[in-house]
Amino acid sequence: MNLHKIESFNELLGFLPHLTALHSELDGIWEPDLSQAEFAARVANAFTPGNHYFGQIENGHLVYFVILTKETDSKCFFWLFYMNKEYRQYTKSLLLELKQFAKDLGFITCDFSTTRLTKSYDRWVRKFGAEPICLTYRLIL
């Protein structure tokens, strides 16, 4: 399985129903402060030059979806990443391909945030060369 770049806004529209359903299903893991509509609008509004979207739908099911946003000329951000559990065996190869894609664009660093704080997740992302830079806590008032 290879990365498929989403080239047009019309192509992106085919992914939005899957993404908004996942936004609810994942119980606040993706942009928890946004409603479904606000989340869909944010995904659509970020489809601008300099940002890169990748995804695949197979047999009516979302296989994976990635948004890579440009922060500066040398830094990008993995804003959103989803991998269907049934295709988990392709996660590593897709991430390595995405890492090379970002490097080929001239990015030197790529940041991402996660709600996964387990030691196993930390070990896994370190295999790709990721190092922790911050841990954010939120106090609900």
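Trainee: What covers the buried residues of helix 4?

Mentor: The model is predicted, with local features requiring pLDDT of at least 70, side-chain atom pairs counting only at pLDDT 80 or more, and totals for chains, interfaces and linings using all residues. Residues are numbered from 1 along each chain as its sequence is written, and side-chain values use heavy atoms, with hydrogens and water left out. Helices (H or I, at least four residues) and strands (E, at least two) are DSSP runs numbered from the N terminus. Contact means heavy atoms within 4.5 Å. The cover over the buried residues of helix 4 includes strand 1 (52–58), strand 2, strand 3 and helix 5 (119–126).

Trainee: Which residues of helix 4 are buried?

Mentor: Buried means under 20% relative accessible area, exposed over 50%, and partly exposed in between (1.4 Å probe, protein chains only). In helix 4, Thr91, Leu94, Leu95, Leu98 and Ala102 are buried. They lie on the same side of helix 4 because their arc around the axis is only 95° (the arc is that of the directions from the helix axis to the C-beta atoms). Lys103 and Asp104, on the other side of helix 4, are exposed.

Trainee: How many Å should the 14 residues of helix 4 span?

Mentor: The expected span of a helix is 1.5 Å times one less than its number of residues. For helix 4 this gives 20 Å, and the end C-alpha atoms are 20 Å apart, so the two values agree. After helix 4 comes Gly106, with a positive phi near 100°.

Trainee: In which sense do strand 3 and strand 4 pair?

Mentor: Two strands pair if DSSP finds at least two bridges between them. Strand 3 (residues 75–83) and strand 4 (residues 109–112) have four bridges in the parallel sense, with Asp111 of strand 4 as the bridge partner of Phe77. The chain passes from strand 3 through helix 4 (residues 91–104) to strand 4 in a right-handed β-α-β crossover (with the strands pointing away from the viewer, the path from the first strand over the helix to the second runs clockwise).

Trainee: In which sense do strand 1 and strand 2 pair?

Mentor: Strand 1 and strand 2 pair in the antiparallel sense over seven bridges, and Tyr53 stands opposite Ile67 in strand 2. Strand 2 also pairs with strand 3 in the antiparallel sense over seven bridges; there, Val66 stands opposite Phe81. Four residues separate strand 2 and strand 3 in their hairpin, whereas the hairpin of strand 1 and strand 2 has two residues between the strands.

Trainee: What is phi of Asn59 near?

Mentor: Most residues other than glycine have a negative phi. Asn59, in the loop between strand 1 and strand 2, has a positive phi near 50°. Its relative accessible area is 71%, so Asn59 is exposed.

Trainee: Is Tyr64 buried or exposed?

Mentor: Tyr64 counts as buried because its relative accessibility is 0%. Tyr64 belongs to strand 2 (residues 61–70), where eight of the ten residues are buried. Beyond four places away in sequence, Tyr64 touches residues including Met1, Leu3, Phe15, Phe54, Tyr82 and Leu94. Leu3 and Tyr64 are 61 residues apart in sequence, yet their C-alpha atoms are 9.2 Å apart.

Trainee: Which backbone nitrogen lies 2.6 Å from a polar atom of the side chain of Tyr64?

Mentor: That nitrogen belongs to His4.

Conventions: Polar contact = N/O pair within 3.5 Å; in protein donor to acceptor, adjacent residues only side chain to side chain.
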